[in-house]
Each structure stands twice: as structure tokens, then as C-alpha cells.
Amino acid sequence: MFRTALRNVLAHKARLLMTVLAVMLGVAFVSGTLVFTDTLSHAFRSQSAKSYDNVAVAVTSYASESDAKQEPGLSQQTLDRIGKLDGVASVTGRVDGFAGVADPDGKLIGAGWSNKGSNFAPGKDGEDAAYDFVQGSGPVKDDQIALDKDTAAKGEYKVGDKVRVATNGPVKEYTLAGVFTTEDGAVSAGGSLVLFDTSVAQRLYLAPGYYRDLTVTAASGADDRRILDAVEPLIPDNAEAKTGAALADEQAKEIEEGLSSLNQILLGFAGIALFVGIFLIANTFTMLVAQRTKELALMRAVGASRKQITRSVLAEAGVVGLVASVVGLALGVGLAAGLRSGMAAFGMKVPAGPLVITATPVIAALCVGVLITMLAAWLPGRRAAKIPPVAAMSSVHAVATTKSLVVRNSIGGVITALGAGAIVAGAAMGSDGRWIIALGAFLALIGVIVLVPLLSRPVIALVRPLLVRAFGVSGKLAGQNAVRNPRRTGATASALAIGLTLVTGLSVLGVTVGTALDKMTTDQIKADYMVAMASGGDLDKSALAALEKVPGVTAVSPQQSSSFEIKGDWVSASAITPGDIERVLNVELVNGSLGTLGKGQLAIAEKTATKQGWKVGDTLPVTFNDDKKGELTVGAIFKDSEFLSPVLVDTEVVAPHEAKPYIPQIFVKMAGGQTAANEKALISALGENPAISVMDHKDIRDQFGGFINMMLNVMYGLLAMALLIAVLGVVNTLAMSVFERQQEIGMLRAIGLDRRRVKRMVRLEAVVISVFGAVVGIGLGSFLGWAIGQTIKSSLPGYALVIPWDRIGIFLILAALVGVLAAMWPARSAARLNMLNAIKTE
Amino acid sequence: MTTSPTAYRATAVAARATDLSKVYGQGETQVVALDRVTVDFHQGEFTAIMGPSGSGKSTLMHCVAGLDTFSAGSVRIGDTELGSLKDKQLTQLRRDKIGFIFQAFNLLPTLTAQENITLPMDIAGRKPDKEWVRKVIDMVGLSGRLSHRPAQLSGGQQQRVAVARALASRPEIIFGDEPTGNLDSRSGAEVLGFLRNSVRELGQTVVMVTHDPVAASYADRVIFLADGRVVDEMLHPTADGVLDRMKEFDAKGRTS
């Protein structure tokens, strides 16, 4: 039996090509992903092991800045004491934080990546082991800095140049003392690193005389564990000491976790590719079985059992799967190598290292490829087994009976109904219903796929008149050919429908949420500008003072993050400027008066007030951040808003309790609104600080919407993948159709259909099938988008379903293009058919 | 025997092959399918082409009908010389001037009988002449089955649809390639009857390739082909006469 299977594979090489391609693409994705992440993790791991090579013990302080009772970090004394321990060769103290470097135009270098500042900590020999200076030397004076090589190159800075550096305080100009290379992760990821003299860094980031981290190196022969035991009693409670080996392990684990999400996204792509591929494979094998009906019946007639027939089809699938997997694996390794260089091209530096191919991707690739192919061929195999021996004698044998379509449609109907029911139920449940929707979505997708053959007839019948009107006889024939084999059309269209369901669902959701966010920003923000750190960190107090002095500014309020303990619960609060807050943000009053904020009273959000039972006039016992107690009166209740914390309070009230206020953003309203001159005035008042961004409404929207757009772009990548497989599927189906209808096409040519119109007929059939698949996918996707939208409705004020017609239009056009593209080769071979042979063939 | 034996007739010529040759392959593997064949097909005449297999009878028909290319000589349909036509013009010629009836696979399974009959006009984008089409349909006796699809019709009925299709567009000439080859004798007789009637009553020109002497006996004239050459012709043939003539060729073939 196996020999028959093998012969069949060889006999149908061309026919199986599309199957092989589909399996290959899926397998290439799976193995490529695994090899890529293995390689990355190996490279990162060896890098981190290297960076902890010389570290015996590392101490990290977790002191919080606002906590005044504890030591702010690790003191110089601690460092000195550890240095005197037995077996310790050296101790290096580090303190770091944000530092943005301006290029000569005043723009931030390495925006979007980490922009780090740290201290230059020379040992006894005057060198800092972590940094290799390629030019100049380390900063030793207050006004000196050193830059990493890439950052210096990007800013075209040379030793001796003046460089403007922004930390959380105002911008300062420093002299470049040296340029270095380093293994520091922030730099290898594409960020920037500024080195200051230790005392400067301490003043900027912590407190004079204090470090955040200490790195201990051991003298030769000393044991890391014993040093650790000796170090532990010397450090404060809020610090932790670990051996270098433990840290390397930890970092490796972190890297693994970081990569695992990448791994999952990529494997998700691979999964979709394979899922879509299943339809293509099943289709091919169904066609092969149908073509071989007589042959298979003959085998049955001469004594082959049903099981043997099924097995021979499965064996054939196994061989195809294996071949495709091996090629896919090779392609996957290439893909992994390509991805790595691709990342480098995008400015993400990946540490060098060999391409790591472990057994896992190899086994996974082969198993996935072979099993998927055999799984997809299982149903056609069973159908093959059901061919009665008598079919060998009769000239025609209908493989697909109407009865089986009835069964199929009933099953599909039930599954679809269950899925749709779950989706609607989930949508009605609000935010708790997400998992039910996910389950429903899965069921509905499967159900619709099962139903697609049934749907194909009425849906395509709807567009047939249009086809006839636009394309005459070619259109008429194409419309009819498209529904001649509903199963095949269904499987082909499904491949496209799956991808489009996902993409449409997410587009609907993304655009809907984006619109709601737009509405929210325009509704909620009355200010003209929002000032924030580019790094997402906190602004210095001085920025607030600077903004208040800008001519034309009519209202300024920080949104300082604060918190209180009220009756035992910690509540987050926004400390704001009374009088100005209602002019920069939309605060809808429910009760009381916002004027009371100026008198040191609190304003509480409606939901919190209702939940806690607080009313205007209540006096609440409050514990501040520094553990001091006090009493505050509720002066107002306001409607909840995305931009406001549950509690509003005057900055003056919390100021005595917070040494270093945390100000993530400041809102500014100006006379004349958003103008270039106003923006310029703000930027110049902030000292042309490259690290601070002044955002107008559009920038704010982009900031919130950026994530959504990124997510959508990832999904469009997915669409491309699904489209690619769908093209293969359509090519396959059309090649089959053309092959089966040779005689018909020959006859049409004989009675006067020219080559151009034969081509058009095939092309239109492809377009009809593709667009049909797209319509199914878009319909289901929109429904899903609506349902998921219902679950997030409650957390998003101003939510209203938006159907992105423009994007849907593009999807439809893309689907039609898929059809045209896929039909190219089959159409050409149809047009080139030798008429006489075609008519004669029996 | 290669001189035109029908030159004495005065009726107009619907199609004419002059010194038509068709050669497959080259050198030693060269096969001469048609060897300088000259033959006229007259308007309003039912001509049968006969000959043993391999005699070139189908090739002759294919070349004259513009389905196949030829190596040398000329073919004219009406005033049009086929040798100089490109594929596109040939397609147009077939569409507008020629009707076809094949042995099998004649109809499009997705179209109804009616749609199949008017297909050539659909392709040409012409409005069918309704009265004429009804006349044709009545003649072949399909009035009750116009909305049936080919799968719902018997073999004989299907071939009658094919005859109606060939007649419906009023082509200058109809070519049949073993039109009764797949039919039982009764259905075959019906189809041949329709073809003869179309010639007698409608003035149609029909050329039919067949190897069946009974089928040939429906024709006005039979042309005999052997080894790519026209070897004989018979006017007003009978089945027995044709059979005898065929036996003679067989015998000659054996003795030579």
C-alpha cells in the first residue's frame, strides 16, 4: 500500500506543489521562530553571563525617593566597609537615572529607546572596567561627561565639544571628555548612555554620597558565597545582595520571559498560517481522491479494505508532509538568520553569536508538518474509503452527495448558532464576558467554515447578475463555475475568511477605540498643551515654575501623582492647581464647588464617593505619604474621567509631605490656543530641553492611539500571511477547475470564445471566490469586533461602534487582487489549452 | 483521383481546401496526416467524410473548420482565407460563421438547454433571432425541456441541444465530428435526421466526419479519405454502397 502512496505522490507532483508550499510556509514559520528565539536567547544569555563574569556580589538598594525616614541608597561608608572585607578585590558604586542627549539641533538622540545616565567610577588605576574608552578619558570634573560611541556619532560630537544633556532637572551644558564602548544592555538595545563624574551623578539621581548599586569583585581564590555572607550584615534593610551567578541567572530568566512574548506572537502567526493551510491541504487531497475515484474503486474491487484505502491516502499525506517539513525547516533556519539581520537593520542591536539550532525546532517542525498534513488528509481519506467497488465500472460517480451536505449544514448551523449565542451572551455580560466571547468566536469561526459551502450558492447568486452585466458571457460562466463545487469553493474561501475575520475584528475594535480616545481627548482636555518627559518619567518642579512665567499662559496645572491613606485604604490622588484645573481639564461637577479645592478641601470622583459613602461636607481622616496624619474635608464630587484620579487636591496641601513631587505631566492653556509661536515660547521657557516634549492635541492623541496603531499593524502583517496562503489555495482550486474542465474550455474555444475571455472567465471565478471569502470574514469579524467592544464599553466613556468602511473597502480590494493574482497561472494555462486535445480527451 | 471530382457542379462553394497538407514531426518521425487534399464543400449540401482510422478525416475537418493549423495549401470559408488568420480572427470566424457538433462533452453543465443553445450568440454579444431559435428548437423537439440542465437530459437529447446550438446562430457551415459516435442507433438516427432536415428545409451546409456507413448514408455526398488523400467520392450514398466501397479500400490496403 505504501508503494502505491509513494507512486501517487510522484505522479501528482504538480498538483501537490501548493500543498507542499502551504505546509512549508507554516513549518518555516514555526521552526524559524524557534530557531530565532533560541539564537537570541543564547546570545543575550552569553552576553549577560559575560557582563557578570567579574561580579562576585552585587548589592541593589530599593529605597524609595519619597520615603524620608530611610537611607536614600547605599552610602559611601557601606562601600568602604565592604571594600575592606576579606577576599574583596574592589567595590564599584553605581547610581543611574534618565539622561537625554541633545543633538546639535536640540533633538533627543535615541528617542524611544532607553536614555540612561550613570557615573564614571574609576578604580585605583583610574579606569572603569565597565567602559572602554576609544577617545579621551572618563569625566572627573563637574562639567564633564562621556558618551557611548553610537550616541557621540549620532550627535557628531568629538572630545572637547559642548553637549547639552537633560536629566529630570533643567538642561545643562557639559564638555565631552571621552567616548567609550560598553556591553551595557541599554546601549546595545539602541539607547544612549551618558557618564557623569560620580558626585554629579549622585546629586542628579540620588543624594550626595549615596549609590543605588554596588558591584563587588573577588580577589583570586575567594568564594562568592562567603563574600555574600560577609556583605549582608553591612547593608541596610532596603537593599539586597546577590552573587553575580545568581544575577546572571535572573537576567537570563528575564530575557527568556521577554523573548517568550515575542515567541508567542510569532508562533501565533505560524499557527494561523498552519490553520489556513489545513483547508488548502484538505482541498488538494479531496480533489486527488475525486480524480482517482475509478482507481480507488478498482483497488477496492480487487480486494483492498477500506482501512487500507484510508491508510494509503494518509501515507501519501505523510510523505508530502515530510518533504514539505524538511524544506520548511531549512527555510525556517534561513528566516531566523534573516530576522536577526532584519532587526539589526531596524537599529535593534542583537549581540553577536552563532545561529543556535537545537533539537526542539527540528522535532517540532517535522511533527507539525507531518501531523497537520495527515490531519487535513484524514477526511478526504475516509471519503476515499467510502467509494464503492462498483464505481470502477460506472463512468460517473458522485463523490459528494447532497445528503452529506445536509449533515454538514446541520452540524455547521448548530455550531454557528452556539458560537453566535455565546458571543451575544458574552457581549451582554460586559467586561466579564471576554472569555465567553473568545470561545464563541472560535465556535462561530468553525461553524461558519462548515457552513461556507451552503452560503456560497445564495451569496454568489446575488452577484451573478452584476457579473453578467459587467463581463457578459465570461462573467456568467465564472459565476456559475464558482458554485459548481461548493465544498471546494468553501474551503478555498475559508482560507481567506479566517485571516479577514481576525483582521476585521481588530480593525473594528481598533478604530472604535481610537475614535473614542479621540473624542475623549477633545472632550476632556481643555488645555492647549500637555508637557511631559519624553522618557515617560517625572518632570522637575522647576518646569512648573518655568511654565507659569511664560507670557500668554492663562492656566497651568500639574497632574502630580500623589496618594493618601483614607480610613485605612490607599487612594491615588492628583495634586493640581485649584482654579486652573477646571480650565485645563473638563471637570464635571456633581455636587459642591471646585472652589473649595483652593481652601484645601478634597474633590472626590463620583464612583469612589458612592462606593465609600462620602458626601460633600464630610471630614475624612487622612494619612499622608510621610505618615503624618491630618483631616481633610470633601468639598466637591465630580464625574469620573480617564484623565483624573479619584481624588483631587491642591498641590499646596501635599507639598509639605512630599520632598520630591512626582509630576508626570503638566497641562497648559494659552491665549491664542495652539500656535507655533505659543509652542515655541513653551519650549524655550523649558530651556530647549530635548527630554521634555510639549504636546498639542494631535500629539496627545497619537500617544494614546500609538499602541492601537502598532497592534493593528501587527495584525496587518498577519493578514499578509493569511493572504499569501489564500493565494496558494485559490491557485490550487483554479488549477483543479481548469484541469477538470478542459473539454468544456476546449468546446468554448471551438465555438468562438477567444483566449482573452477564457482568461477573464477563470480570473473572475477566482475573484468571486476570494471576494466571497472576504465578505464572510469581514461579516464575522465585524460581529466579533462589536461583541468585544461591548465588553470594554464600560471602561471607555464616549464609546460608540465605528465600522471602518474605508479599511473594509481596502480589504475587499485586496481580496479581489488575491483572486486576480492567483488566477494568473491557471488562466494562462486555460487560454493555452490545445482545443483539439481538450475536446478529444475522454 | 486528386482532381476535384465535383468541379462540374454549379452551386456556390461554402468551404474549399486546396492542396491542403498537414505534417506532424520532422525527419524520420515525420507523419503526413494530409497530403495535398483539394476538396469543395457546397452550400446547402450534407457532406460526409469517411475513411479508416488514421486516414486523416478528422484532421481535414479540423483544418477546414479553423480548429487546427495546416502546413501548406489553403482553406477558404466563404471568401475568407484561413491560412493568414491569427488565433483571435480564427476564433471570431468560428464564432460567427461556423457551427460545431462534437462526439461528446458538447454542452456546459452549468447552463440550461436554452442557455446552451444561445451560447454562441451570447459569446458574440448578439441578440438571438427569437423566431429562428424557436423554429430550430421545434425542429429538434426540445420545446418541453428548455429549462433542463444537461445532466437531466439523455444522451440523445443532449446531442439534439448541440444540434440546435449549431443551427441557432445560422452559421455558414456546420461541422460535426462523429456526432453520433456516443449515441445508440435510435438517438443517432434522430440526430442525423435533424441534420439532413436542416440541409433540406433550412438550406444549411453540413460537413460531418464519421466512420459509420449508416450515418454516411444520410449525406448527399460522401468523400473517402485514405492515407491523407481523397481517394473517392460517392453521390446519394446508401449504407450498403458505402460499406462496399469501404471494404474495397480495405482489400486494396491489404493487397498492396
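Trainee: What does the domain assignment of chain A give?
Mentor: In this predicted model, chain A has domain 1 (1-55 + 240-399), domain 2 (56-239), domain 3 (452-524 + 697-842) and domain 4 (535-689).
Trainee: How many Å separate the centres of domain 2 and domain 3 of chain A?
Mentor: Taken over C-alpha atoms, the centres of domain 2 of chain A and domain 3 of chain A are 57 Å apart.
Trainee: Helices now. At what angle do the axes of α13(A) and α14(A) cross?
Mentor: Roughly 105°, and the axes come within 8 Å. Helix α14 of chain A covers residues 486-524.
Trainee: What does that make them, roughly perpendicular or roughly parallel?
Mentor: Angles of 65 to 115 degrees count as roughly perpendicular, so α13(A) and α14(A) are roughly perpendicular to each other.
Trainee: Which residues meet there?
Mentor: From α13(A), they include A:Leu445, A:Ile449, A:Val452 and A:Ala482. Among those they meet in α14(A) are A:Pro486, A:Ala493, A:Ile498 and A:Thr501. By class, the contact of α13(A) with α14(A) has 8 nonpolar, 5 polar and 2 charged residues.
Trainee: Switching to chain B. How many residues of chain A are in contact with it?
Mentor: 18 residues of chain A, against 21 residues of chain B.
Trainee: Which helices of chain A each supply at least two residues of that side?
Mentor: α13 (434-482), α21 (742-750) and α24 (835-840) of chain A.
Trainee: And which gives the most?
Mentor: α21(A), with 5 residues of the side of chain A that touches chain B.
Trainee: How does that side divide by class?
Mentor: The side of chain A that touches chain B has 8 nonpolar, 5 polar and 5 charged residues.

How values were computed
Residues are numbered from 1 along each chain as its sequence is written. Chains are lettered from A and ligands numbered from 1 in the order in which they are written. This is a predicted model: local features need pLDDT of at least 70, side-chain atom pairs count only at pLDDT 80 or more; totals for chains, interfaces and linings use all residues. Two residues are in contact if their C-beta atoms, placed from the backbone, lie within 7 Å. Helices (H or I, at least four residues) and strands (E, at least two) are DSSP runs, numbered from the N terminus. Ala, Val, Leu, Ile, Met, Phe, Trp, Tyr, Cys and Pro count as nonpolar, Asp, Glu, Lys and Arg as charged, and the others, Gly among them, as polar. Domain bounds come from an automatic or database domain assignment. Axes are lines fitted to C-alpha atoms, for helices over the stretch in contact, and angles run from 0 to 180 degrees between N-to-C directions. Angles under 35 degrees count as roughly parallel, over 145 as roughly antiparallel, 65 to 115 as roughly perpendicular and the rest as oblique.
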